Amino acid sequence: MTQTIDVQGVTVPRVGFGTWQITGEECYEAVRHALELGYRHIDTARAYDNEEEVGRAIADAGVPREEVFLTTKIWTSEFGADALPRAAADSLRKLGTDHVDLLLLHWPNPDVPLEETLGALAREREAGRARLIGVSNFPPGLLERALRLGPVANDQVEFHPYLGQDRLLALAETHELFVTAYSPLAQGDVARDAVLREIGEEHGRTPGQVALRWLLDHERVVVVPKSASPQRRAENFDVFGFELSDDQRARIDALPKDRRQGDPSWAPDWNA
Ligand code: NAP
């Protein structure tokens, strides 16, 4: 079990800290604490309204910037060839850095040609303002299109014990991408799962740790759990000190894999 993945010459820590729905001082304190615990991968987005706090926390934490893998995401209203570089520049200013490690398109936007958006995104990478570029919420067919248009390194999608991503994982393998599992704890639902609880008890671990470990047992997958609680932040980072058996993995594999937490009106056809 590796704790990092190398993609296009960039090292990606496999457990990141998600920051959706944490803003203001709470976000600042949470990110500082995450960095103290040892997290070296922070996931934010323009839409989360917390980039300034994330940037300040990284600057104040005393961890060298080059040791932190920092992701932000461009919102769909900023996908035009002129708007995207302006949005990226605004994010870098808020984050207080001259580059992010991963710059993502937050959701597909069928109203702007993908060629135009990917071209603008690739120029951010060429200019050194993003070490890697990628997409989020792209179903497999759309990801394949994006791969033909630019050096896409990542698709960030919902993935947890109740939702499978087999087609994307196969693409990740073929194209040497990584897949980021968002809502990896099914937004907290895993805590109430009898199967995960039982497996956790066999290791002296929590259902959340079992869910994260199961995800990490998929090659090329990284996880970005969010927690507003210091104790759960520590718990979610401590997932390499035990191993699931083949039988335990099979029991989690057997859980129904068709339950999506996030399906907003602007979501794509997930089977595309
Ligand atoms: P999540 O990480 O699966 O779950 C967070 C929820 O689970 C919170 O309610 C949290 O409560 C609870 N929790 C945290 N640790 C736990 C544990 N060990 N045991 C039980 N419950 C626990 O959900 P998420 O926030 O939706 O996803 C994580 C990150 O993925 C986001 O923060 C964001 O960075 C990213 N994301 C991206 C997209 C996208 O469109 N690209 C969409 C959604 C999420 P407490 O806070 O009280 O601990």
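**Close-up views of a predicted model**

**View 1. Helix 2 and helix 3 cross at roughly 45 degrees, with their axes coming within 7 Å.** The model shown in this and the following views is predicted. Helix 2 spans residues 51-60 and helix 3 spans residues 83-95. Because angles from 65 to 115 degrees would count as roughly perpendicular and those under 35 degrees as roughly parallel, the two helices are described as oblique to each other. On the side of helix 2, the contact is made by Glu51, Glu52, Val54 and Gly55, which meet Ser91, Arg93, Lys94 and Leu95 of helix 3.

View 2. Glycine 62, with a positive phi near 80 degrees, follows helix 2.

**View 3. The largest nonpolar core contains 69 residues.** The members that touch the most others are Phe17, Val31, Ile42, Val54, Leu105, Leu143 and Ile252. Apart from this core lies another, of 11 residues, including Ile5, Val12, Phe69 and Val222. Beyond its neighbours within four places in sequence, isoleucine 42 is in contact with Phe17, Thr19, Val31, Leu35, Val54, Val68, Phe69, Leu70 and Thr71. In soluble globular proteins, nonpolar side chains tend to be buried together.

**View 4. Phenylalanine 69 and phenylalanine 178 form an edge-to-face aromatic pair.** The ring centres are 6.4 Å apart, and the planes make an angle of 75 degrees. Since planes over 60 degrees apart count as edge-to-face, the pair is assigned to that class. Phenylalanine 69 belongs to strand 5 and phenylalanine 178 to strand 9 (residues 178-182), so that the pair links distant parts of the chain, 109 residues apart. Both partners are buried: phenylalanine 69 has a relative accessible area of 2%, and phenylalanine 178 has a relative accessibility of 0%. The structure holds eight aromatic pairs.

**View 5. Trp75, Trp107, Trp266 and Trp270 are linked into a cluster.** The links between these tryptophan residues are ring pairs.

**View 6. Glutamine 8 and alanine 186 have positive phi values without being glycine.** Phi is near 50 degrees in glutamine 8 and likewise near 50 degrees in alanine 186. Glutamine 8 is placed in the loop between strand 1 (4-7) and strand 2 (10-13), where this residue is partly exposed at 39% relative accessibility. Alanine 186 is found in the loop between strand 9 and helix 7 (194-203) and is buried, with a relative accessibility of 0%.

**View 7. Aspartate 258 lies in the segment after helix 10 (246-253).** The residue is exposed, with a relative accessible area of 64%. Setting aside neighbours within four places in sequence, aspartate 258 is in contact with Tyr162 and Leu163. From C-alpha to C-alpha, aspartate 258 is 7.1 Å from glycine 164, a residue 94 places away in sequence.

Conventions:
Residues numbered from 1 in each chain as written. Predicted model: local features only at pLDDT ≥ 70, side-chain atom pairs only at ≥ 80, totals over all residues. Heavy atoms only, no water. Core = buried A, V, L, I, M, F, W, Y, C linked by side-chain atoms within 4.5 Å. Buried < 20%, exposed > 50% of the residue type's maximum accessible area, 1.4 Å probe, protein only. Contact = heavy atoms within 4.5 Å. Axes fitted to C-alpha atoms, helices over the stretch in contact; angles between N-to-C directions. Helix = DSSP H or I, 4+ residues; strand = E, 2+ residues; numbered from the N terminus. Parallel < 35°, antiparallel > 145°, perpendicular 65-115°, else oblique. Phe/Tyr/Trp six-rings, centres within 6.5 Å; stacked < 30°, edge-to-face > 60°.
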